[in-house]
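Me: Hi! Could you walk me through this one? I'd like to go over strands, rings and the core.

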Amino acid sequence: GNTNSKSDLNLWLNADALGLSNGAAVSSWTDQSGTGNHMVQYNGGNPTYITNSLNSRPIVRYDGNNYTYTPTSFNNPYTILTVSKNTGSSRFISSVNVNWLLGIWGGTKDVMHTDGWVTYPGTGIDANAYIWSSYGNSRATRFFKNGADITGNQTGGLSAPGQLSIGGWSTGSEKSPGDAAEIVLFKNVLN
């Protein structure tokens with residue numbers, strides 16, 4: 001589908017829009033889409049706002065104990081775009097209520113699981129930032145790193161993210177430290 005307005009957005013988390021001072025605690029990450037799907041703290045303390053970090057832009061830093069999520073569950077179809085850096089070896093961009101992950105898991109990168117493997121196994125992890133993106137519907141899921149399609153099995157898993165989480169999975173397991181600059185979730189598949 002085509003996206004011409006904010007009405008196509010389910011969620012837009014943008015560290016630039018927070019406008020906090022360096023080192024400030026982020027108790028809630030305000031959704032810029034206008035839908036009110038704010039990212040809230042689960043447990044383990046608040047992540048930290050860091051200015052002038054990723055390409056001189058701000059990020060929200062998770063220390064491996066912080067964990068945030070959206071109370072809203074997101075369904076198919078969807079497109080998600082993330083700018084993040086995982087500095088651990090487990091889930092960073094994940095879900096509360098679906099076995100869904102994007103980017104890093106089990107000490108490897110370039111992996112995606114949506115209640116089934118879309119891409120696995122991955123490659124060795126590093127400390128670089130990536131633009132991880134995906135789109136899915138009830139027939140196929142595609143996975144991209146920095147714009148390149150790295151899908152291994154487009155029908156391996158067909159689930160949407162559900163309640164999106166940053167910093168861990170489910171109710172705070174498989175936590176991982178990392179930096180998030182921006183996450184955009186559309187309510188359709190973008191062409």
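Me: Which residue in E14 is the bridge partner of Trp 132?

Reply: That would be Lys 145. Keep in mind that we're looking at a predicted model.

Me: How many of the residues of E14 are buried?

Reply: Four of the five, so strand E14 (residues 141-145) is mostly covered.

Me: Back to Trp 132. Which residue does Trp 132 form an aromatic pair with?

Reply: Tyr 130. Their ring centres are 5.1 Å apart with 45 degrees between the planes, which makes the pair tilted. Trp 132 is buried at a relative accessible area of 3%, and Tyr 130 also counts as buried, at 11%.

Me: How many aromatic pairs does a search of the whole structure find?

Reply: It finds 10. One of them is Tyr 78 with Trp 100: the centres are 6.4 Å apart and the planes sit at 70 degrees, so this pair is edge-to-face. Tyr 78 is in strand E7 (residues 78-86) and Trp 100 in strand E9 (residues 100-105), so the contact ties together parts 22 residues apart in sequence.

Me: Are Tyr 78 and Trp 100 buried or exposed?

Reply: Both are buried.

Me: Which residues do ring pairs link into a cluster?

Reply: Tyr 42, Tyr 67 and Tyr 69.

Me: Switching to charges, what lies over the face of Trp 169?

Reply: Arg 91 does, at 4.0 Å from the ring centre.

Me: Last topic, the core. How many residues has the largest nonpolar core, and which have the most contacts inside it?

Reply: This core has 29 residues. Those with the most contacts inside it are Trp 29, Ile 80, Ile 93, Trp 100, Leu 102, Leu 164 and Ile 166.

Me: Which elements give two or more residues to this core?

Reply: Among them are strand E1 (9-14), helix H1 (15-18), strand E5 (57-62), strand E13 (130-136) and strand E17 (178-186). E17 provides the largest share, three residues.

Conventions: Residues are numbered from 1 along each chain as its sequence is written. This is a predicted model: local features need pLDDT of at least 70, side-chain atom pairs count only at pLDDT 80 or more; totals for chains, interfaces and linings use all residues. Side-chain values use heavy atoms; hydrogens and water are left out. Rings of Phe, Tyr and Trp (its six-membered ring) pair if their centres lie within 6.5 Å; planes under 30 degrees apart count as stacked, over 60 as edge-to-face and the rest as tilted. Buried means under 20% relative accessible area, exposed over 50%, partly exposed in between (1.4 Å probe, protein chains only). A charge sits over a ring if NZ of Lys or CZ of Arg is within 6 Å of the ring centre and within 35 degrees of the ring normal. A nonpolar core is a set of buried Ala, Val, Leu, Ile, Met, Phe, Trp, Tyr and Cys residues joined through side-chain atoms within 4.5 Å. Two strands pair if DSSP finds at least two bridges between them.
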